[in-house]
Amino acid sequence: MSLPTVEAPCFLCGASDAEPLWSTSDRAFAVPGVYTVARCRACGFLYQRPRVRDEHLAACYPDHYPRHQEPSPRIPFKGPPARVRAVRWALASRLGYAALRETGAGPLTRARAALLFRRIKWDCPPWRGQGRYLDVGCGSGGALGVAQALGWQVTGVEVDAAAAAKARRFSPRVHVGDLLGAPFAPGEFDCVTAFHVLEHVPDPVAAMRRMLEWLAPGGLLVVEVPNAGGLGARLFGRAWSGLELPRHLSHFTPESLERVVTRAGGRVVWRWHQAKPRYYLWSLGHWLRDRGLDGLARLAEWRPAYGLLKLLLELTLPLARWAGRGEVMRVGIELAGERPTAA
Ligand SMILES: [Zn+2]
């Protein structure tokens with residue numbers, strides 16, 4: 001039996017007319033029922049419809065949902081001194097960490113920093129203002145741990161009390177509850193991040209507006225969501241691993257995410273795409289099983305075959321990232337009407 005649902009209108013434009021696009025059961029956590037993604041006939045927005053009623057949303061997250069089983073934070077300062085020097089240089093020269101700047105980085109350090117930067121930019125927020133950082137949907141605190149190690153004063157919001165308790169190892173200031181009810185003052189933070197949060201909330205424009213309110217002048221909001229306009233959604237449709245029904249209520253494309261930002265009073269200042277082989281391999285497994293090809297699906301999961309497919313994907317995925325068709329997109333957002341600053 002499905003969770004109780006409601007025929008809610010488009011979250012973005014309010015139009016009531018929508019066409020069903022993809023229907024599927026919960027492939028990741030087996031919450032009972034079949035759920036549907038519809039496309040708004042007025043504005044094209046992709047959203048869950050009918051959608052799980054507010055009072056039943058918590059039932060979409062079973063106890064083994066991995067909110068408090070995250071790996072330990074990926075603190076960038078580890079490894080031999082030469083690597084740490086390169087990390088510090090990358091942070092200082094590319095992400096605005098003036099306090100980490102050292103004189104006289106040699107060509108080797110600089111070259112290594114350039115290589116490391118591709119990873120570091122995904123793990124470390126760009127430095128802003130006085131270094132007051134908020135992570136919305138902080139889970140057990142992975143991003144808070146990294147930010148704290150980088151010198152930020154860190155704060156979190158998390159709906160899951162057990163995960164929030166773990167996040168408190170990095171800061172006493174972790175609010176348990178919904179982001180719309182979080183008690184922060186306007187302009188309190190220099191950087192706010194929300195990784196894989198926006199697709200879970202019933203009103204993404206209100207959530208975006210609230211997060212923008214918390215930004216100090218010159219502050220940066222960083223939002224990451226799955227990309228329903230990417231290659232995976234196009235290739236696999238209802239088998240796309242980013243659907244995560246019934247937990248994902250909105251399915252953003254670069255264009256619809258930008259509309260949410262604009263409506264909330266923000267402005268997208270940069271956009272990055274990420275494409276990891278495992279996302280496509282999960283989708284491929286779903287796609288094969290939908291066609292009754294369980295044997296082939298198991299073959300694709302067999303270690304040597306999986307390794308080979310992963311290698312082939314590693315070689316071709318830079319293309320998807322480059323073309324802006326990645327599986328995950330991350331955008332940097334500033335308040336509209338402020339003077340542009342460097343990313
Ligand atoms: Zn619409």
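Student: What makes up the chain in terms of helices and strands?
Tutor: This is a predicted model, and its chain has 10 helices and 13 strands.

Student: On to the zinc ion. Which atoms coordinate it?
Tutor: The SG atoms of Cys10, Cys13, Cys40 and Cys43, at 2.3 Å. Along the chain, these donors follow the spacing C-x2-C-x26-C-x2-C.

Student: Are Cys40 and Cys43 buried or partly exposed?
Tutor: The cut-off for buried is under 20% relative accessible area. Cys40 has 2%, so Cys40 is buried. Cys43 has 22%, so Cys43 counts as partly exposed.

Student: What makes Arg128 count as buried?
Tutor: Its relative accessibility is 7%, and that is why Arg128 counts as buried. Arg128 sits in the loop between α2 (107–123) and β6 (132–136). Its side chain reaches the backbone oxygen of Gly218 at 3.1 Å, and a polar contact needs N or O atoms within 3.5 Å.

Student: Why is helix α5 described as largely enclosed by the rest of the structure?
Tutor: Because seven of its 10 residues, in the stretch 204–213, are buried. Those are Pro204, Val205, Ala207, Met208, Arg210, Met211 and Leu212.

Student: Which residues have the most contacts inside the largest nonpolar core?
Tutor: Val136, Leu198, Met208, Met211, Trp214 and Val223, in a core of 65 residues. The largest share of this core, five residues, comes from α5. There is also a second, separate core of 28 residues, including Ala105, Leu144, Leu150 and Cys191.

Student: What does Trp214 touch, leaving out residues up to four places away in sequence?
Tutor: Quite a list: among them are Leu134, Val136, Leu179, Phe184, Pro186, Phe189 and Val192.

Student: And across the chain, how many of the contacts with a separation of 6 or more join residues 24 or more positions apart?
Tutor: 71% of them.

Note on methods: Residues numbered from 1 in each chain as written. Predicted model: local features only at pLDDT ≥ 70, side-chain atom pairs only at ≥ 80, totals over all residues. Heavy atoms only, no water. Helix = DSSP H or I, 4+ residues; strand = E, 2+ residues; numbered from the N terminus. Buried < 20%, exposed > 50% of the residue type's maximum accessible area, 1.4 Å probe, protein only. Polar contact = N/O pair within 3.5 Å; in protein donor to acceptor, adjacent residues only side chain to side chain. Donors = N, O, S within 2.8 Å, 3.2 Å for Na, K, Ca; no water. Core = buried A, V, L, I, M, F, W, Y, C linked by side-chain atoms within 4.5 Å. Contact = heavy atoms within 4.5 Å.
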